[in-house]
Amino acid sequence: MRYYPTPEAGLDLREVNRAVEEAFAEHGRGKVQMPPKVYINFEHGDFRTMPGYIPSLNTAGVKVVNVHPENPKSGLPTVMALTVLLSVENGIPEAILNATRLTDMRTGAAGAVAAKYLSPSDEITLGVVGSGRQAGAQVEAIAQELRIRKILVWSRKEQNSLAFCGKYSRFDCESVSLERVCDANVVVTTTPSRKPLIRDEWIHEGTHINAIGADAPGKEELDPGILSRGTVFVDDPAQAVHSGEINVPIREGSFTVESIRGTLGEVILGKAGRKGNEEITIFDSTGLAIQDLAIAGIAVKNGECINLKFP
Ligand SMILES: NC(=O)c1ccc[n+]([C@@H]2O[C@H](COP(=O)([O-])OP(=O)(O)OC[C@H]3O[C@@H](n4cnc5c(N)ncnc54)[C@H](OP(=O)(O)O)[C@@H]3O)[C@@H](O)[C@H]2O)c1
């Protein structure tokens, strides 16, 4: 068995986007096995297990990943992860990957694929809500698919959005109010908020939104009015209903499962999509095990590893 301590080294973001896109397409074709993730809850966070199998890639495994939003105060990432790949033929664990950075990259890739298909335009102003790891990953992955003319970013602590702008100055990045972020053509929301941050009246017609932050029950970043006014696509219906941006509105009765227009996989396959320049589209991302398998598949091809004895 091999352990990959830094499997992200040398990964090509465009290749990651394509691998994640193909995994979503297989999901859209109904050709993957992926039960919804299972949560264990703590007082200050949770961890999840995420199993999956993509027959076309002959890859199977499970990711174990935590979310502890207070971690940055003590210098730890909010999200840390390990992926285990198992042999499809005999079940032997073949590889263990440090999947912390891979999780950021595969989440960025999902947002990039959604933006590629649902953005109103190929040249965009990108609005970014939050300035942490997922915010950066969205920028880097979307930049592979669309031309980012400008970034408008908001963070609760202005020093963080200013630091973000320093990091992404090549995109003409400006730290702005939450309302002004919504002047962008594509808006990505990347916070662990448990109450809506983005008001319905701030979102212009034609905007595409990647709702990334809500990935557990009770999390919510958008005014539910945006979901009613717009068209909602999800990564996976079972996970989205349980823990995505739509989870609270469904529980409270302001959104229904029947209102989901389709999955990202179906969008990629041309079965669903944006219907015009005025439509508001929302991609509700909870994060899928098949994204982790797709990126792990690329990472183990060239990454440096340490051999571990097993069984
Ligand atoms: N959909 C997916 O596949 C996926 C994958 C990974 C992570 N996530 C989720 O994405 C979210 C962010 O993860 P991350 O790794 O980027 O964490 P992070 O690096 O800690 O960044 C979180 C950001 O949100 C801001 N923030 C924290 N609490 C907030 C609140 N209550 N209201 C408004 N802003 C708040 C922080 O900014 P300030 O410090 O300036 O407030 C920071 O910029 C989490 O909810 C995580 O579970 C989703």
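Which residue just after α1 takes a positive phi? I looked this up and found Gly-30, with a phi of about 75°.

**Basis.** I worked from a predicted model, in which local features need pLDDT of at least 70, side-chain atom pairs count only at pLDDT 80 or more, and totals for chains, interfaces and linings use all residues. Residues are numbered from 1 along each chain as its sequence is written, and side-chain values use heavy atoms, with hydrogens and water left out.

**Helix α1.** I took helices (H or I, at least four residues) and strands (E, at least two) as DSSP runs, numbered from the N terminus. Helix α1 covers residues 13-28. I noted its buried residues (under 20% relative accessible area, 1.4 Å probe, protein chains only); among them are Val-16, Ala-19, Val-20, Ala-23 and Phe-24. Their cover includes β3, α2 and α10.

**α1 against α10.** I read an angle of about 140° between α1 and α10, with their axes 8 Å apart. Axes are lines fitted to C-alpha atoms, for helices over the stretch in contact, and angles run from 0 to 180 degrees between N-to-C directions. The contact (heavy atoms within 4.5 Å) includes Val-16, Val-20 and Phe-24 of α1 and Ile-290, Ala-294 and Ile-298 of α10.

**Sheet.** I traced seven strands in an open, mixed sheet, ordered β2-β3-β4-β5-β6-β1-β15. β2 and β15 stand at the edges with a single partner strand each, so one side of each is left without a neighbour in the sheet. Strands pair if DSSP finds at least two bridges between them; nine join β3 to β4, which run antiparallel. Tyr-53 stands opposite Ala-60 in β4.

How values were computed
Expected span 1.5 Å × (residues − 1). Buried < 20%, exposed > 50% of the residue type's maximum accessible area, 1.4 Å probe, protein only.
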